[in-house]
Amino acid sequence: MKFVLPSPYIKIMQTQLFDTTQTDSLLNVLPKDGRVNYFPGIFDEASCADLFNKLRASLRWQPDQVYLFGKIITTKREVAWVGDMGCSYTYSGVQKHPQAWTPELLLIKCKIESLAQFEFNSCLLNYYHSGSEGMGWHSDDEIELDSKAPIASLSLGGVRKFAFKHKVDKMTAPLFLENGSALIMHPPTQKYWNHGLLKTKLIVAPRINLTFRKINLGYEIAN
Ligand SMILES: O=C(O)CCC(=O)C(=O)O
(Lines give C-alpha, C1' and ligand atoms only; values in the text may rest on other atoms or scores of the structure.)
Protein backbone atom coordinates (compact mmCIF):
# COMPACT_ATOMS: atom_id res chain seq x y z
CA MET A 1 0.00 0.00 0.00
CA LYS A 2 1.47 3.37 -1.00
CA PHE A 3 0.68 6.76 0.53
CA VAL A 4 0.73 9.44 -2.20
CA LEU A 5 1.73 12.96 -1.19
CA PRO A 6 -1.44 15.13 -1.45
CA SER A 7 -1.23 17.82 -4.17
CA PRO A 8 -1.61 20.83 -1.78
CA TYR A 9 1.69 19.66 -0.35
CA ILE A 10 3.51 20.93 -3.44
CA LYS A 11 2.00 24.39 -2.92
CA ILE A 12 2.98 24.39 0.75
CA MET A 13 6.51 23.31 -0.17
CA GLN A 14 6.78 26.37 -2.42
CA THR A 15 5.46 28.65 0.30
CA GLN A 16 8.14 27.34 2.61
CA LEU A 17 10.85 28.63 0.30
CA PHE A 18 10.01 32.00 1.77
CA ASP A 19 9.01 31.06 5.28
CA THR A 20 10.58 28.05 6.95
CA THR A 21 9.49 28.77 10.49
CA GLN A 22 5.78 27.83 10.26
CA THR A 23 6.11 24.17 11.26
CA ASP A 24 2.53 24.00 12.53
CA SER A 25 1.00 24.75 9.15
CA LEU A 26 2.86 21.98 7.34
CA LEU A 27 1.28 18.87 6.00
CA ASN A 28 2.45 15.61 7.45
CA VAL A 29 4.35 13.32 5.05
CA LEU A 30 2.92 10.35 7.01
CA PRO A 31 -0.76 9.30 6.96
CA LYS A 32 -0.73 8.07 10.61
CA ASP A 33 1.34 7.08 13.66
CA GLY A 34 3.90 9.89 13.52
CA ARG A 35 4.72 13.30 12.08
CA VAL A 36 7.31 14.16 9.44
CA ASN A 37 7.69 17.62 7.90
CA TYR A 38 9.63 18.37 4.71
CA PHE A 39 11.27 21.77 4.05
CA PRO A 40 12.80 22.33 0.60
CA GLY A 41 15.51 24.93 -0.04
CA ILE A 42 16.58 25.86 3.48
CA PHE A 43 20.00 26.70 1.93
CA ASP A 44 20.49 28.08 -1.59
CA GLU A 45 22.51 26.17 -4.20
CA ALA A 46 25.76 28.11 -3.70
CA SER A 47 25.65 27.63 0.08
CA CYS A 48 24.89 23.91 -0.38
CA ALA A 49 27.95 23.46 -2.62
CA ASP A 50 30.14 25.37 -0.19
CA LEU A 51 28.88 23.40 2.85
CA PHE A 52 29.26 20.12 0.97
CA ASN A 53 32.93 20.79 0.14
CA LYS A 54 33.77 22.03 3.63
CA LEU A 55 32.13 19.05 5.36
CA ARG A 56 33.91 16.63 3.07
CA ALA A 57 37.29 18.29 3.73
CA SER A 58 37.06 19.07 7.44
CA LEU A 59 35.69 15.81 8.94
CA ARG A 60 37.22 12.34 9.34
CA TRP A 61 35.09 10.03 7.19
CA GLN A 62 35.20 6.25 7.33
CA PRO A 63 33.21 3.37 5.80
CA ASP A 64 30.24 2.30 7.93
CA GLN A 65 29.67 -1.16 9.37
CA VAL A 66 26.23 -2.83 9.36
CA TYR A 67 24.82 -6.18 10.45
CA LEU A 68 23.53 -8.12 7.43
CA PHE A 69 22.49 -11.79 7.57
CA GLY A 70 24.32 -12.24 10.89
CA LYS A 71 27.59 -10.76 9.62
CA ILE A 72 29.20 -7.32 9.97
CA ILE A 73 29.59 -5.80 6.49
CA THR A 74 31.76 -2.77 5.68
CA THR A 75 29.89 -0.34 3.41
CA LYS A 76 31.13 1.88 0.55
CA ARG A 77 29.00 4.62 2.10
CA GLU A 78 31.10 6.68 4.53
CA VAL A 79 30.09 8.13 7.89
CA ALA A 80 31.25 10.75 10.37
CA TRP A 81 29.88 11.05 13.93
CA VAL A 82 29.99 14.49 15.53
CA GLY A 83 28.72 15.65 18.91
CA ASP A 84 29.14 17.19 22.32
CA MET A 85 31.57 15.55 24.72
CA GLY A 86 30.23 12.21 25.99
CA CYS A 87 27.87 11.64 23.03
CA SER A 88 29.00 8.14 22.12
CA TYR A 89 26.66 6.13 19.94
CA THR A 90 26.51 2.38 19.33
CA TYR A 91 24.88 0.74 16.32
CA SER A 92 25.54 -2.58 14.57
CA GLY A 93 27.58 -3.42 17.67
CA VAL A 94 30.16 -0.69 17.01
CA GLN A 95 30.63 2.24 19.41
CA LYS A 96 31.37 5.61 17.84
CA HIS A 97 33.08 8.46 19.72
CA PRO A 98 32.23 11.97 18.55
CA GLN A 99 34.39 14.37 16.54
CA ALA A 100 34.14 18.04 17.55
CA TRP A 101 31.67 20.44 15.91
CA THR A 102 33.14 22.48 13.04
CA PRO A 103 32.05 26.09 12.21
CA GLU A 104 29.93 24.99 9.21
CA LEU A 105 28.27 22.21 11.25
CA LEU A 106 27.37 24.72 13.96
CA LEU A 107 25.85 26.99 11.33
CA ILE A 108 23.73 24.13 9.94
CA LYS A 109 22.80 23.00 13.48
CA CYS A 110 21.53 26.47 14.30
CA LYS A 111 19.30 26.56 11.19
CA ILE A 112 17.98 23.03 11.77
CA GLU A 113 17.29 23.77 15.44
CA SER A 114 15.20 26.80 14.54
CA LEU A 115 13.11 24.65 12.15
CA ALA A 116 12.71 21.78 14.61
CA GLN A 117 12.33 24.07 17.64
CA PHE A 118 14.67 21.70 19.46
CA GLU A 119 18.34 21.61 20.58
CA PHE A 120 20.39 18.65 19.38
CA ASN A 121 23.71 17.40 20.81
CA SER A 122 24.99 15.16 18.02
CA CYS A 123 24.95 14.55 14.29
CA LEU A 124 25.49 11.50 12.08
CA LEU A 125 26.73 12.33 8.59
CA ASN A 126 26.50 9.89 5.67
CA TYR A 127 28.34 10.32 2.38
CA TYR A 128 26.98 8.48 -0.68
CA HIS A 129 29.41 8.40 -3.64
CA SER A 130 26.64 7.48 -6.14
CA GLY A 131 23.12 6.07 -6.56
CA SER A 132 24.44 2.53 -6.04
CA GLU A 133 24.83 3.35 -2.33
CA GLY A 134 21.77 3.65 -0.10
CA MET A 135 20.54 2.77 3.36
CA GLY A 136 18.33 -0.24 4.19
CA TRP A 137 15.09 -0.11 6.20
CA HIS A 138 15.69 0.85 9.82
CA SER A 139 14.43 3.19 12.52
CA ASP A 140 16.56 5.48 14.63
CA ASP A 141 15.51 3.98 17.94
CA GLU A 142 18.78 2.98 19.57
CA ILE A 143 18.67 2.90 23.37
CA GLU A 144 20.88 5.98 23.88
CA LEU A 145 18.71 8.23 21.69
CA ASP A 146 16.13 10.39 23.46
CA SER A 147 12.86 8.85 22.24
CA LYS A 148 10.97 12.09 23.00
CA ALA A 149 13.26 14.13 20.70
CA PRO A 150 12.77 14.74 16.98
CA ILE A 151 15.42 13.62 14.48
CA ALA A 152 16.15 16.26 11.86
CA SER A 153 18.05 15.78 8.62
CA LEU A 154 19.60 18.00 5.96
CA SER A 155 20.39 16.75 2.43
CA LEU A 156 23.22 18.20 0.33
CA GLY A 157 24.02 17.13 -3.25
CA GLY A 158 22.22 14.66 -5.53
CA VAL A 159 18.44 14.27 -5.22
CA ARG A 160 17.54 10.85 -3.79
CA LYS A 161 14.35 8.87 -3.19
CA PHE A 162 13.65 8.23 0.48
CA ALA A 163 10.71 6.30 1.92
CA PHE A 164 8.96 5.37 5.13
CA LYS A 165 7.56 1.84 5.63
CA HIS A 166 5.07 1.15 8.43
CA LYS A 167 6.35 -1.55 10.80
CA VAL A 168 2.94 -3.30 11.05
CA ASP A 169 0.94 -2.93 7.82
CA LYS A 170 3.99 -2.24 5.54
CA MET A 171 2.31 0.85 4.01
CA THR A 172 4.95 3.05 2.33
CA ALA A 173 5.26 6.85 2.03
CA PRO A 174 7.98 7.86 -0.47
CA LEU A 175 9.41 11.32 -1.16
CA PHE A 176 12.42 12.87 -2.90
CA LEU A 177 15.02 14.62 -0.75
CA GLU A 178 16.33 17.61 -2.68
CA ASN A 179 19.62 19.51 -2.39
CA GLY A 180 19.32 21.86 0.60
CA SER A 181 16.14 20.28 2.00
CA ALA A 182 15.40 19.38 5.62
CA LEU A 183 13.25 16.56 6.94
CA ILE A 184 12.07 16.62 10.55
CA MET A 185 10.84 13.35 12.05
CA HIS A 186 8.87 13.90 15.26
CA PRO A 187 8.05 11.25 17.89
CA PRO A 188 6.51 8.69 17.75
CA THR A 189 7.60 8.26 14.10
CA GLN A 190 10.57 5.98 14.93
CA LYS A 191 8.32 3.68 16.97
CA TYR A 192 5.94 2.90 14.10
CA TRP A 193 7.91 3.52 10.90
CA ASN A 194 11.14 2.32 9.35
CA HIS A 195 12.84 4.54 6.80
CA GLY A 196 15.44 3.96 4.11
CA LEU A 197 17.30 5.60 1.24
CA LEU A 198 16.57 3.74 -1.99
CA LYS A 199 19.36 2.80 -4.39
CA THR A 200 19.00 3.85 -8.04
CA LYS A 201 20.58 2.90 -11.37
CA LEU A 202 20.23 6.53 -12.50
CA ILE A 203 23.36 8.66 -12.43
CA VAL A 204 23.12 10.94 -9.40
CA ALA A 205 25.64 13.32 -7.90
CA PRO A 206 27.35 12.48 -4.60
CA ARG A 207 25.27 13.33 -1.56
CA ILE A 208 25.82 14.13 2.11
CA ASN A 209 23.02 13.62 4.60
CA LEU A 210 23.23 14.96 8.15
CA THR A 211 20.89 13.68 10.86
CA PHE A 212 20.81 15.71 14.06
CA ARG A 213 19.99 13.69 17.15
CA LYS A 214 19.66 13.98 20.94
CA ILE A 215 21.73 11.46 22.87
CA ASN A 216 20.77 10.85 26.50
CA LEU A 217 24.03 11.80 28.20
CA GLY A 218 23.30 9.84 31.39
CA TYR A 219 22.89 6.60 29.47
CA GLU A 220 26.54 5.49 29.37
CA ILE A 221 27.12 6.35 33.04
CA ALA A 222 23.96 4.53 34.12
CA ASN A 223 24.88 1.41 32.16
O1 LIG B 1 20.68 9.53 3.79
C2 LIG B 1 19.55 9.59 4.23
O3 LIG B 1 18.72 10.43 3.86
C4 LIG B 1 19.12 8.58 5.27
C5 LIG B 1 19.95 8.63 6.51
C6 LIG B 1 19.35 7.79 7.60
O7 LIG B 1 18.38 7.09 7.41
C8 LIG B 1 19.92 7.82 8.93
O9 LIG B 1 20.95 8.49 9.15
O10 LIG B 1 19.35 7.16 9.83
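Predicted model: local features only at pLDDT ≥ 70, side-chain atom pairs only at ≥ 80, totals over all residues.
Residues are numbered from 1 along each chain as its sequence is written.

The chain holds five helices and 13 strands. Of its 223 residues, 34% count as buried, where buried means that 20 or more other C-beta atoms, placed from the backbone, lie within 10 Å of the residue's own, exposed means 12 or fewer, and partly exposed is in between.

Coming back to α3, its 14 residues, 103–116, should span 20 Å at 1.5 Å a residue, and this agrees with its end C-alpha atoms, which are 20 Å apart; the expected span is 1.5 Å times one less than the number of residues. In this helix the buried residues are Leu105, Ile108, Lys109, Ile112, Leu115 and Ala116. They cover an arc of only 125° around the axis, which means that they sit on the same side of α3, the arc being taken from the directions that run from the helix axis to the C-beta atoms. On the face turned away from that buried side we find the exposed residues Pro103, Leu106 and Cys110.

Now to strand β11, residues 182–186, where five of the five residues are buried, so the strand is largely enclosed by the rest of the structure. Ala182, Ile184 and His186 point one way from β11, and Leu183 and Met185 point the other way. Two strands pair if DSSP finds at least two bridges between them, and β11 pairs in the antiparallel sense with β1 (residues 35–39) over five bridges, and also in the antiparallel sense with β8 (residues 151–157) over four bridges.

In the loop between β11 and α4 (189–192) lies Pro188, and the peptide bond that joins Pro187 and Pro188 is cis, with an omega of about 5°.

Which residues surround the ligand? They are Leu124, Asn126, Met135, Asp140, Ser153, Phe162, Leu177, His195, Leu197, Asn209 and Thr211, each with its C-beta atom, placed from the backbone, within 6 Å of the ligand. The elements that give two or more residues to this shell are β6 (122–128), β12 (193–197) and β13 (207–213). By kind, the shell divides into five nonpolar, five polar and one charged residue, where Ala, Val, Leu, Ile, Met, Phe, Trp, Tyr, Cys and Pro count as nonpolar, Asp, Glu, Lys and Arg as charged, and the others, Gly among them, as polar.

Asp33, in the loop between α1 (8–16) and β1, has a phi near 55°, and it counts as partly exposed because it has 16 C-beta neighbours inside 10 Å. Lys170, in the loop between β9 (160–166) and β10 (172–177), has a phi of about 65° and is exposed, with 9 other C-beta atoms within 10 Å.
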